[in-house]
Amino acid sequence: MSQFAGLSDISISEDIPVEGDISVPVGSQNPDDDFSTLDEPVKDTILRDLRAVGQKFVHVLYPKKSSALLKDWDLWGPLLLCVTLALMLQGGSADSGEDGRPQFAEVFVIIWFGSVIITLNSKLLGGTISFFQSLCVLGYCILPLTVAMIVCRIVLLGALSSVSFVVRLIVVTASFSWSTFASTAFLADSQPANRKALVVYPVFLFYFVIGWMILTFSPSP
């Protein structure tokens with residue numbers, strides 16, 4: 001114990017502070033890391049989702065090579081557009097005898113089944129986009145064709161004539177071109193350069209079939 005003999009003579013000067021706060025540095029935290037939709041009101045969640053859908057609609061109307069539509073993908077917008085388009089195509093002369101229900105199912109199946117086929121084709125050709133991101137892009141890009149369907153229904157409120165057909169043809173052609181251009185603008189960077197044509201061709205057929213259904217629609221008598 002001789003090595004600790006001198007410790008009793010050590011005194012602490014009154015000028016030296018012996019009290020203080022001990023702070024432990026921690027890494028900076030992102031407020032978004034603690035964010036959870038379980039902690040926010042349902043109204044705020046719905047409004048936030050609606051704003052996100054509206055922003056994606058704007059990206060489709062003003063398409064450019066951007067990943068904005070792919071970062072936060074969702075299927076609410078495509079589902080809304082699909083149901084709206086199917087409801088407006090309901091009641092045509094082709095299905096007047098069965099109350100429009102087969103026509104609704106036909107449109108619904110064509111849109112979703114076609115989107116799945118195009119997505120699988122893109123993945124098999126070496127695309128880097130995910131499955132649900134592709135469904136999101138293809139679904140949101142139906143927006144111009146949905147607008148074309150609304151315009152065609154308004155035109156068909158008048159008498160059927162060659163003038164109304166020309167108007168509908170112009171509107172559907174413009175909307176079809178816009179949908180194809182918008183979807184390829186978002187999907188272009190995710191495909192190999194030497195296989196882009198193989199990806200664009202099914203997209204062209206997909207929107208062409210939807211545009212043809214809109215153009216050939218006629219209200220039931």
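Helix α1 (42-61) and helix α2 (68-71) each supply at least two residues of the lining of the largest pocket. Helices (H or I, at least four residues) and strands (E, at least two) are DSSP runs, numbered from the N terminus. The model is predicted: local features need pLDDT of at least 70, side-chain atom pairs count only at pLDDT 80 or more, and totals for chains, interfaces and linings use all residues. Residues are numbered from 1 along each chain as its sequence is written, and side-chain values use heavy atoms, with hydrogens and water left out.

**Overall make-up**

- The protein has eight helices and zero strands.
- Of the 221 residues in the protein, 34% are buried; buried means under 20% relative accessible area, exposed over 50%, and partly exposed in between (1.4 Å probe, protein chains only).

**Largest pocket**

- The largest pocket holds about 270 Å³ of space. A pocket is found on a 1 Å grid over the protein atoms alone, as an open set of points with protein on both sides within 12 Å along at least five of seven lines; a cavity is a set of points where a 1.4 Å probe fits but cannot get out, and lining residues have an atom within 4 Å of a point.
- Grid points are joined across faces, edges and corners, and a volume is the space filled by probe spheres set on the points.
- The lining of this pocket has 13 residues, and Ala52, Gln55, Lys56, Asp72 and Asp74 lie nearest its centre.
- Helix α1 gives the most to this lining, with seven residues.
- By class, the lining of the largest pocket holds five nonpolar, two polar and six charged residues. Ala, Val, Leu, Ile, Met, Phe, Trp, Tyr, Cys and Pro count as nonpolar, Asp, Glu, Lys and Arg as charged, and the others, Gly among them, as polar.

**Largest cavity**

- The count comes to one cavity of 30 Å³ or more, and about 30 Å³ of space lies in the largest cavity.
- The largest cavity is lined by Pro78, Cys82, Ile111, Trp112, Ser115, Leu135, Gly139 and Ile142.
- Helices α3, α4 and α5 each supply at least two residues of this lining, and the largest share, three residues, comes from α4.
- Six residues of the lining of the largest cavity are nonpolar, two are polar and none is charged.

**Nonpolar core**

- The largest nonpolar core has 37 residues, and those with the most contacts inside it are Leu85, Ile111, Tyr207, Ile210 and Ile214. Such a core is a set of buried Ala, Val, Leu, Ile, Met, Phe, Trp, Tyr and Cys residues joined through side-chain atoms within 4.5 Å.
- At least two residues of this core come from each of α1, α3 (76-89), α4 (101-124), α5, α6 (143-155), α7 (162-187) and α8.
- Helix α8 gives the most to this core, with seven residues.

**Aromatic pairs**

- A search of the whole structure finds eight aromatic pairs. Rings of Phe, Tyr and Trp (its six-membered ring) pair if their centres lie within 6.5 Å; planes under 30 degrees apart count as stacked, over 60 as edge-to-face and the rest as tilted.
- Phe57 and Tyr140 form an edge-to-face pair, with 5.5 Å from centre to centre and 65° between the planes.
- Phe57 lies in helix α1 and Tyr140 in helix α5 (residues 131-140), so this pair ties together parts that are 83 residues apart in sequence.
- Phe57 is buried, with a relative accessible area of 18%, and Tyr140 is buried, with a relative accessible area of 0%.
- The ring centres of Phe208 and Trp212 are 6.4 Å apart and the planes lie at 20°, so this pair is stacked.
- Both Phe208 and Trp212 lie in helix α8 (residues 196-215), four residues apart, about one turn of the helix.
- Phe208 is partly exposed, with a relative accessible area of 41%.
- Ring pairs link Phe176, Phe204, Phe208 and Trp212 into a cluster.

**Record annotation and the end of α4**

- An unreviewed UniProt entry lists residues 73-92, 104-125, 137-159, 165-187 and 199-218 under "transmembrane region". UniProt positions are given in the numbering used here, feature names are shortened, and annotations may be inferred rather than shown by experiment.
- Residues 104-125 are 95% helix and 0% strand, with the end C-alpha atoms 32 Å apart.
- Residues 199-218 are 85% helix and 0% strand, with the end C-alpha atoms 32 Å apart.
- Lys123 is in helix α4 and is partly exposed, with a relative accessible area of 36%.
- Lys123 and Ser134 are eleven residues apart in sequence and 9.5 Å apart in space, C-alpha to C-alpha.
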